[in-house]
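Please open the model in your viewer and keep the selection panel at hand. The tour below moves from pockets to charged pairs, with a look at confidence on the way.

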Amino acid sequence: RNPRCQNRTSSEFHLEVTTGGATMEEGSGGGSEFVDWQRLRVQENADEIPPGSMPRTIDVIVRNEMVERAKAGDRVVLTG
């Protein structure tokens, strides 16, 4: 047990794996869905801020088909 964790309730996990038409279940409780995800750290363009100012940053989580679409140095427009 983690001594810093204040959660003292037990948790139940359910993992259902399908391979070759056969379904195996481990644990009990709700199901899980595994998806690709990536954290992007987006920073203001240095050319668009006043001289001497620090560019602001924000972390963005993208999932599924958006993973690995952007790489370091790309200019992006994010909506949502």
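Begin with the lining of the largest pocket, whose residues divide into 6 nonpolar, 3 polar and 6 charged, where Ala, Val, Leu, Ile, Met, Phe, Trp, Tyr, Cys and Pro count as nonpolar, Asp, Glu, Lys and Arg as charged, and the others, Gly among them, as polar. This is a predicted model, in which local features need pLDDT of at least 70 and side-chain atom pairs count only at pLDDT 80 or more, while totals for chains, interfaces and linings use all residues. Residues are numbered from 1 along each chain as its sequence is written, and side-chain values use heavy atoms, with hydrogens and water left out.

Select R41, V42, Q43, D74 and V76 next: of the 15 residues lining the largest pocket, these lie nearest its centre. A pocket here is an open set of points on a 1 Å grid over the protein atoms alone, where a 1.4 Å probe fits, with protein on both sides within 12 Å along at least five of seven lines, and lining residues have an atom within 4 Å of a point. The volume of this largest pocket is about 450 Å³, taken as the space filled by probe spheres set on the points, which are joined across faces, edges and corners.

Move on to the second largest pocket, of about 250 Å³, whose lining includes L40, V60, I61, V62 and M66. By class this lining has 9 nonpolar, 2 polar and 1 charged residues, and strand β4 (residues 57-63) gives the most to it, with 3 residues; strands are DSSP runs of E, at least two residues long, numbered from the N terminus.

Now colour by pLDDT, the predictor's confidence in each residue from 0 to 100. The protein chain averages 79, and 72% of the residues score at least 70; strand β2 (residues 22-27) has the lowest mean, 56, and strand β3 (residues 37-43) the highest, 93.

Finally, turn to the salt bridges, of which the structure holds 4, each being a side-chain nitrogen of Lys or Arg within 4 Å of a carboxyl oxygen of Asp or Glu. Select R41 again, together with D59: their closest N and O atoms are 2.8 Å apart. Because R41 lies in strand β3 and D59 in strand β4, the pair ties together parts that are 18 residues apart in sequence. R41 is exposed, at 57% relative accessible area, and D59 is partly exposed, at 38% (buried means under 20%, exposed over 50%, partly exposed in between, with a 1.4 Å probe and protein chains only).

Note on methods
Helix = DSSP H or I, 4+ residues; strand = E, 2+ residues; numbered from the N terminus.
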